[in-house]
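Have the viewer open as you read.

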Amino acid sequence: MASLKELATRKDPLTGGHRMCPGCGAPIVVRQILLASKDPVVVVSATGCLEVSTTIFPYSAWNVPFLHNAFENAGATMSGVEAAYQNFKKKGKIDQHINFVAFGGDGGTYDIGLQSLSGAMERGHDLTYVCYNNEAYMNTGVQRSGATPRGANTTTEPAGKVSQGKVQWRKDLTEIMVAHNIPYVAQGIIGNWSDLTRKAEKAFSIRGPKFMNILQPCRLGWGYRPDATLELARLAFETCAWPVYEVENGVYKISKPKEKKPVIEYLKPQDRFRHLFKPGNEALLADIQAEVDRRWGQLLAKEAPRQGSGQ
Amino acid sequence: MSKVVARTGNEAMAEAMRQINPDVVAAYPITPATEIVMIFAKYVADGLVDTNFVAVESEHSAMSACVGASATGARVMTGTSSQGLCLMYEILPIAAALRLPIVMCDVNRAISGPINIHCDHSDTMAARDFGWLQIFSEDSQEAYDSLIQAIRIAEDPRVHLPTMVTTDGFIISHCLDRIEIVEDKEVKEFIGGDRKAANSLLDVKKPVSVGLLDLQDYYFEHRLPVAEAMKNSKKVILEVAEEFAKKFGRKYGLYEGYKLDDAEIAIVALGSTCGTAKVVIDELRAKGIKAGMLKIRVFRPFPAEEIAQALANVKAVAVLDRSDMWAGQGGQVFTEIRSALFEAVKKPQLLNYIYGLGGREIDQPMLRSVFTALQSAEKQPLVQYLGVRE
């Protein structure tokens, strides 16, 4: 794996001066993943925070080839780019290896772009799709998405006098991608650069479709002080609210926290969950803890027992 | 040397696609256009083309993949119809604004609802404002010839706009027709080698950003060049048609006048109906009635001045629309022509007939009734529905 020193010498794929919010995790996702590529990259982005904030004409923050088409079609758009590349390669017009990386937020990936993503994965294009997942439609002002966790306050499922925010549990997109039987699926966080770099390097070393679901705290939508972005991502990992793991050719490898913290330690610093801590909502908090535990247990059961464990 | 063969419209279009040999095709099945990509997929499977065929999971993804592929500088084609075209609508203007010369085989079919699989022009007409050139075909031969010309037109630096060539669902797409096929080598020569794109998304040494956010300060300026290119494309369409005529003998224009020069009454139509109309006009002429037709080949760009000039000396004209835009003032072709004639000093009296929706038959007696009505045009309502039960 590339050392931090080595990564620091690589050319920044995304220049500073873009217009993302202070404390935004999305540019960290982009940098940590793209810097892990030794080969040139070509980027497609779905409509969303990342796209609108980095490409306000006549400026572009991208130092690598970049294409934005629409909201729900990053997977399909990149399929076309990759198909053209394969064609040119076949005809000997290009020989340079290129890593194709598509970025989409959770809205553009879990919801409106799910079909396009699924198709791209099923067809086996050699591309890496990265979901920078901030668990709501942040670009349009914090609306609920299929990635929003239960109990979160959003502008389309707000906490009110008779409602406690999102009623449903979030869908498990990472497992949906695992079910596509693609060679590599990873779920990760920002806030652990070595893990994310290693996962991205692995993705780039594999030919075929790869999917990475990266939790990206959003200070605006989640409501916390801008310097807590990485801390919150780590808390999501440490409480198992957002398990960090990878599935390579169907084999699960899970990163386990040294000590599994109670989920309230992750929920409490965030404004979007503030209403859950009002008297009367104890049962809902317990419910959330139970669901986190259930999903964590379910995930652990998927990991094959280590050899020599005496089974 | 060309050869005469029997081909359906879909087969003719697939044949042209084989000869064009595009770099990438992304498509999704839909009746009645499915066959085009089915035949083409077999060409890919048999190694008769070098194309990378992306069998996507929807038409939305088909057009999205076409945009991605075309942004690399590749020559890209697709095919669709009706609901499929509707699903592409969101991406069609993006392809135009990004100036990507994607070429589409579009088989005209009614749009839902109710669901219907047969011919009318409602799918293509609703796509008229998205910056795509639109070329209609009377028969398989025209579809084949226009598809080959479309590559040249779309990729011309003065145009750089996506282009759709249409046939009429089932009437052309599935009916066997006698057509002349040009030799592969000649098509290759006519197209002139690979697409020459000014920049490519795959040029990692010279990275470009494509599809940026354009706000109040630039969006307007970036919409204007599409309008300019659309205007310029008229000249290019005619130049390419002239070169095509020189090489292969078949002449095309923006429109075709059929016995129009001295006509007193005429219809305006596009697509397969024009073939039926020619028979009726010949009959009427034999009876001494000065009937004629203006067949629109190119609907986008709209040849407004040319049509106004061509219709100047006709007394009464019936515009036939195979779609209804539900605006309460006739069909799309009618409103375009009415607008084109507004400034004209000499202009015919106009009538509009909306006909043939959902594949409803348009036959000779119906067309004869239109010409009969034109003889007393002043007594007719402005917009009528032809061949519909009350």
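A salt bridge joins B:Asp194 to A:Lys93, with 2.9 Å between the closest N and O atoms; the term stands for a side-chain nitrogen of Lys or Arg within 4 Å of a carboxyl oxygen of Asp or Glu. Between chain A and chain B the count is three salt bridges. Please keep in mind that this is a predicted model, in which local features need pLDDT of at least 70 and side-chain atom pairs count only at pLDDT 80 or more, while totals for chains, interfaces and linings use all residues. Side-chain values use heavy atoms, without hydrogens and water, residues are numbered from 1 along each chain as its sequence is written, and chains are lettered from A and ligands numbered from 1 in the order in which they are written.

**The interface of chain A and chain B**

- The rule finds 18 residue pairs in polar contact across the interface, both residues at pLDDT 80 or more; such a contact is a pair of N or O atoms within 3.5 Å, where within protein one must be able to donate a hydrogen and the other to accept it, and residues adjacent in sequence count only if both atoms are side-chain atoms.
- On the side of chain A that touches chain B, at least two residues each come from strand 1 (41-45), helix 3 (49-54), strand 2 (66-68), helix 4 (74-90) and helix 6 (114-123) of chain A; helices (H or I, at least four residues) and strands (E, at least two) are DSSP runs, numbered from the N terminus.
- Helix 4 of chain A gives the most to this side, eleven residues.
- By class, this side of chain A has 23 nonpolar, 14 polar and six charged residues; Ala, Val, Leu, Ile, Met, Phe, Trp, Tyr, Cys and Pro count as nonpolar, Asp, Glu, Lys and Arg as charged, and the others, Gly among them, as polar.
- In total, 43 residues of chain A are in contact (heavy atoms within 4.5 Å) with 41 residues of chain B.
- The two chains bury about 3,100 Å² between them, 63% of it on carbon and sulfur atoms; buried area is the accessible area (1.4 Å probe) that two parts lose on being put together, summed over both.

- The largest pocket holds about 990 Å³ of space; a pocket is an open set of points on a 1 Å grid over the protein atoms alone, with protein on both sides within 12 Å along at least five of seven lines, and lining residues have an atom within 4 Å of a point.
- Its lining has 31 residues, and B:Ala97, B:Leu98, B:Val210, B:Gly211 and B:Leu212 are the closest to the centre of the largest pocket.
- Helix 9 of chain B supplies the largest share of that lining, five residues.
- The second largest pocket has about 480 Å³ of space, and A:Arg170, A:Cys240, A:Ala241, A:Pro243 and A:Arg295 lie nearest its centre.
- Helix 12 of chain A gives the largest share of the lining of the second largest pocket, nine residues.

**Cavity**

- The count comes to one cavity of 30 Å³ or more, a cavity being a set of points where a 1.4 Å probe fits but cannot get out.
- The residues lining the largest cavity include A:Asn134, A:Trp222 and A:Arg272.

Definitions and conventions: Points joined across faces, edges and corners; volume = space filled by probe spheres on them.
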